[in-house]
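Subject: Structure handover and notes

Hello,

Please find the structure below, followed by notes on what was found in it. Keep the viewer open while you read.

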Amino acid sequence: MKRPNIVLILADDLGYSDLGCYGGEIRTPNLDRLGRSGVRLTQFANTARCSPSRASLLTGLHPHQTGIGVLAGGNRPGGYPGSLDDRCVTVAELLADAGYATGMSGKWHLSGPLWEPHPSWPARRGFTDFFGTLSGCGSYYDPATLYRGETDASAETRDPAFFYTDAITDHAVEFIRREAAAGPFFSYVAYTAPHWPLHAPEEDIAAYDGVYTAGWDDLRTHRLDRLHAEGLLGAESALSARDPAQPPWAEAPHKAWEARRMQVYAAQVERMDRGVGRILDQLTASGVLDDTLVIFLSDNGGCAEILPLGDPEEFRSRRHIVPARTRDGADLHVGNLPCIDPGPENTYASYGPAWANLSNTPFRLYKRWVHEGGIATPFIAHWPAGDLAGGRVIRTPFQLTDVLPTLLDATGAAYPEERRGHAIPPYEGRSMLAALRGTPVPEAWQFWEHLGNAAVRRGPWKLVREHAGPWELYDMDTDRSELTDLAPHHPALVRELAEAYQQWADRVGVLPR
């Protein structure tokens with residue numbers, strides 16, 4: 001079989017049910033077409049946070065094995081180095097060795113150093129063509145740490161028409177256009193949408209007028225109904241209760257402003273979907289769509305963070321995240337203020353827990369937690385020439401460590417025992433390719449840890465806890481939404497799974513909190 005091209009598309013802070021083909025009311029026709037004509041997974045899990053998920057996605061290892069146990073950063077966050085280390089190998093390095101052209105567009109977030117070239121920068125980890133940001137988030141109109149290769153590209157944002165989502169798409173499209181005729185290519189497209197700040201052009205926001213005035217309670221119910229209709233979830237996935245810290249929509253103050261926040265978020269997602277459409281159009285124009293494995297997923301669940309994070313002045317001082325002013329010198333309004341409508345460049349806001357609860361329908365909790373609301377992601381795979389078509393829905397549980405072995409399986413690329421003189425651990429996951437083609441495969445153990453939030457899954461049983469909290473036990477075959485804790489009824493199973501978790505944590509280098 002001809003070696004496929006690979007287009008790996010990653011969204012940032014997108015919830016499980018935001019896409020149309022996963023039950024959402026947001027207009028995502030391009031991803032819907034890809035999902036409904038390809039393969040959708042119902043139980044794919046990320047690693048609950050941006051940097052760890054990216055590390056695991058690109059290396060096939062658990063993030064603690066790569067130097068990224070919590071987040072990228074220069075101050076050893078959580079006791080981990082905070083940069084992708086040299087004791088792992090990226091899929092870009094492996095595919096480059098196998099003769100693939102490698103390009104990346106968008107958010108890296110795997111390096112502590114942001115201003116001086118470092119071995120953890122993308123151009124030194126297998127990507128010969130890079131355009132994007134090194135930091136974790138920032139303005140869509142004026143993002144910091146923007147580079148082409150290792151050259152500062154911040155001057156490009158002075159164009160009044162610059163919008164980061166579009167710029168990421170532009171680079172990916174040009175890379176594909178240039179490389180498609182030459183041979184196989186790997187394009188990693190890491191959008192920052194829909195991560196805060198809530199930024200979108202006004203015409204995109206206005207297109208959602210009236211959509212969110214029904215409020216989060218009704219919309220969560222409608223999303224679950226559509227998830228059932230799509231065949232993605234069933235009776236095992238009841239709607240979790242509204243976040244108890246959030247009011248019912250009927251009692252919510254500032255309803256027009258609240259609806260506006262979700263409108264901007266939806267506009268961010270739709271803008272990203274348009275970019276995906278342009279990428280698919282270029283694959284078609286280049287005659288390689290059928291021979292390209294396209295994968296789409298999100299790095300974590302919907303984000304409940306309220307801006308500013310922590311001390312307001314300290315947050316404003318993070319110049320790699322928050323601009324001092326707008327490009328024309330105007331003051332920046334940072335925070336979720338009902339007197340300020342988010343969307344324009346001079347605002348810097350998030351959509352908050354109640355709307356994140358909608359994004360994660362029907363699950364509970366959010367980004368940072370390893371309950372389903374934090375780790376469940378849409379996962380779409382499309383490769384007609386590889387028999388990844390027909391609208392299949394796959395219910396086998398998989399997680400991020402399975403992506404790299406899947407790409408190696410599809411391309412025939414090899415995985416080495418050492419890299420640059422260092423022994424590297426074998427990848428932790430397994431290929432999903434047989435399952436994506438419709439062949440039943442046995443389930444495997446799964447493990448997660450982030451900020452002391454921990455989980456282990458074997459078959460239908462998931463043992464999970466919040467940091468410093470007790471273990472909870474759920475039967476995922478009957479209670480995917482984690483509503484009925486069975487731990488008191490199965491103490492021996494709790495002990496068995498907890499012991500397996502601890503053995504894994506010790507082996508991969510989880511640091512105690």
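Helix α4 covers residues 164–179, which makes 16 residues, and reaches 23 Å from its first C-alpha to its last. That is close to the 22 Å expected at 1.5 Å a residue, where the expected span is 1.5 Å times one less than the number of residues. Helices (DSSP runs of H or I, at least four residues) and strands (runs of E, at least two) are numbered from the N terminus.

This is a predicted model, in which local features need pLDDT of at least 70 and side-chain atom pairs count only at pLDDT 80 or more, while totals for chains, interfaces and linings use all residues. Residues are numbered from 1 along each chain as its sequence is written, and side-chain values use heavy atoms, with hydrogens and water left out.

Back to α4: 12 of its 16 residues are buried. Buried means under 20% relative accessible area, exposed means over 50%, and partly exposed is in between, using a 1.4 Å probe and protein chains only. Among the buried residues of α4 are Tyr164, Asp166, Ile168, His171, Phe175 and Glu179. The buried residues pack against the strands β1 (5–11), β3 (101–107), β4 (129–133), β5 (146–148) and β7 (185–190), and against helix α7 (255–285). Contact here means heavy atoms within 4.5 Å.

Helix α11 (residues 403–411) is also worth a look. Eight of its nine residues are buried, so α11 is largely enclosed by the rest of the structure. They are Val403, Leu404, Pro405, Thr406, Leu407, Leu408, Ala410 and Thr411. Glycine 412 follows α11 and has a positive phi, near 80°.

Next, two helix pairs. Axes are lines fitted to C-alpha atoms, for helices over the stretch in contact, and angles run from 0 to 180 degrees between N-to-C directions. Angles under 35 degrees count as roughly parallel, over 145 as roughly antiparallel, 65 to 115 as roughly perpendicular and the rest as oblique.

Helix α1 (residues 29–37) packs on α7 at an angle of about 60°, with the axes 7 Å apart. α1 is therefore oblique to α7. On the α1 side the contact involves Pro29, Asn30, Leu31, Arg33 and Leu34, which meet Asp273, Arg274, Val276, Gly277 and Leu280 of α7. By class, this contact has five nonpolar, two polar and three charged residues. Ala, Val, Leu, Ile, Met, Phe, Trp, Tyr, Cys and Pro count as nonpolar, Asp, Glu, Lys and Arg as charged, and the others, Gly among them, as polar.

Helices α6 (residues 215–229) and α9 (residues 352–359) pack at about 10°, with their axes 9 Å apart. α6 is therefore roughly parallel to α9. From α6 the contact uses Gly215, Trp216, Leu219, Arg220 and Arg223, and from α9 it uses Ala354, Trp355, Asn357, Leu358 and Ser359. By class, the residues are five nonpolar, three polar and two charged.

Which residues touch the most other members of the largest nonpolar core? They are Tyr212 and Leu283, in a core of 71 residues. α7 supplies the largest share of this core, 12 residues. A nonpolar core is a set of buried Ala, Val, Leu, Ile, Met, Phe, Trp, Tyr and Cys residues joined through side-chain atoms within 4.5 Å. Not counting residues up to four places away in sequence, the contacts of tyrosine 212 include Ile26, Leu219, Trp249, Met262, Trp355 and Leu358. Another core, of 53 residues, lies apart from the largest one, and Leu57, Leu58, Tyr188 and Leu400 are among its members.

Finally, some details of the loops. The peptide bond between alanine 193 and proline 194 is cis, with omega about -5°, and proline 194 sits in the loop between β7 and α5 (202–206). Leucine 307 and proline 308 are also joined by a cis peptide bond, with omega near -5°; proline 308 is in the loop between β8 (292–298) and α8 (312–316).

Aspartate 387 is not a glycine, yet has a positive phi of about 65°. Its relative accessible area is 40%, so aspartate 387 is partly exposed. Arginine 420, also not a glycine, has a positive phi of about 55° and lies in the loop between β14 (418–419) and β15 (422–423). At 54% relative accessibility, arginine 420 is exposed.

Regards
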